[in-house]
Amino acid sequence: MAQCDVKDEAKAITLKTYAYDLLRHGIVESIALPEISLTSDADSNASYETQLTRGDFTYYHYGCDGVHDNGWGCAYRTLQSMASWILHKRQWHSQLNIPSLLEIQQTLVRIEDKSPRFVGSRDWIGALEVFYTVDTLYDVPCKIVHVTKNDDLSKHVAELLKYFRDYGGFVMMGGDMDAASKGIAGIHSNGKDSYLLVVDPHYSGGPVSIEDLISKGYIRWQNTKEFVDSSFYNLCLPYLK
């Protein structure tokens, strides 16, 4: 899509300044593949397929812009990381800006998804609001994958593998009992045993490096069996090649 096709809503997003440089380059390339136990379900890494987010994205996290959003802003931060991937994918990152938490709220009110009182609140958002925002600002359609309570997340591995093969996007994941929204930037699977590459926005303070985030578990491989089975999950998959 050419720059002249950029929607007015995206052009209206204001320029931001940050107290420190946000981490961007080489995030998914910096983490080693998960260590695989030699079990009947997992014989070796050689039998696994690995698919990762293709293209740069910026790691947005709690408080990175001076807004104190601990406890309520994790989905907004994951949306910001997704938006950064979209802008880099379309080579718009030098012309357009990432929406603030307030601008995300204003967008949702403008399309009448939320009432005016939502602006300036600490109300959570989920996968549907992420979809509405990226569609409104960037004209990027998304698919919502719903994982019901007590369902096995591994049942959706084949769909996620195909998505990362075809699109290599940055996925947002939210739930209810597991209310900690997170980004998903890859999958590592042999069909029986599977891991998702979690980009966790719950970091507070200025991360020193990508390696710092990895060592503290904010960027990590997580086995699908380790997700909360009493929680439903919604995954927002942006469809942009």
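## Strand 5

In strand 5, S194, L196 and V198 point one way, while Y195, L197 and V199 point the other way, and all of these residues are buried. The structure described here is a predicted model. Strand 5 covers residues 194–199, and six of its six residues are buried, so that the strand counts as mostly covered, where buried means under 20% relative accessible area.

## The neighbours of strand 5

Strand 4, which spans residues 182–189, runs antiparallel to strand 5, and five bridges join the two. Within this pairing, V199 of strand 5 has G183 opposite it. The two strands form a hairpin, with four residues between strand 4 and strand 5. In the turn of this hairpin, G191 has a positive phi of about 95°.

Strand 5 also pairs with strand 6, formed by residues 219–223. This pairing is likewise antiparallel and extends over five bridges. Here Y195 has N223 of strand 6 as its bridge partner.

## Helix 3

Which residues of helix 3 are buried? They are L101, E103, I104, Q105, T107, L108 and V109. The helix runs over residues 101–110 and is mostly covered, with seven of its ten residues buried.

The cover over these buried residues includes helix 2, at residues 74–89, and helix 4, at residues 127–138. Just after helix 3, the chain reaches E112, which takes a positive phi of about 65°.

Notes: Residues numbered from 1 in each chain as written. Predicted model: local features only at pLDDT ≥ 70, side-chain atom pairs only at ≥ 80, totals over all residues. Heavy atoms only, no water. Buried < 20%, exposed > 50% of the residue type's maximum accessible area, 1.4 Å probe, protein only. Contact = heavy atoms within 4.5 Å. Pairing = 2+ DSSP bridges.
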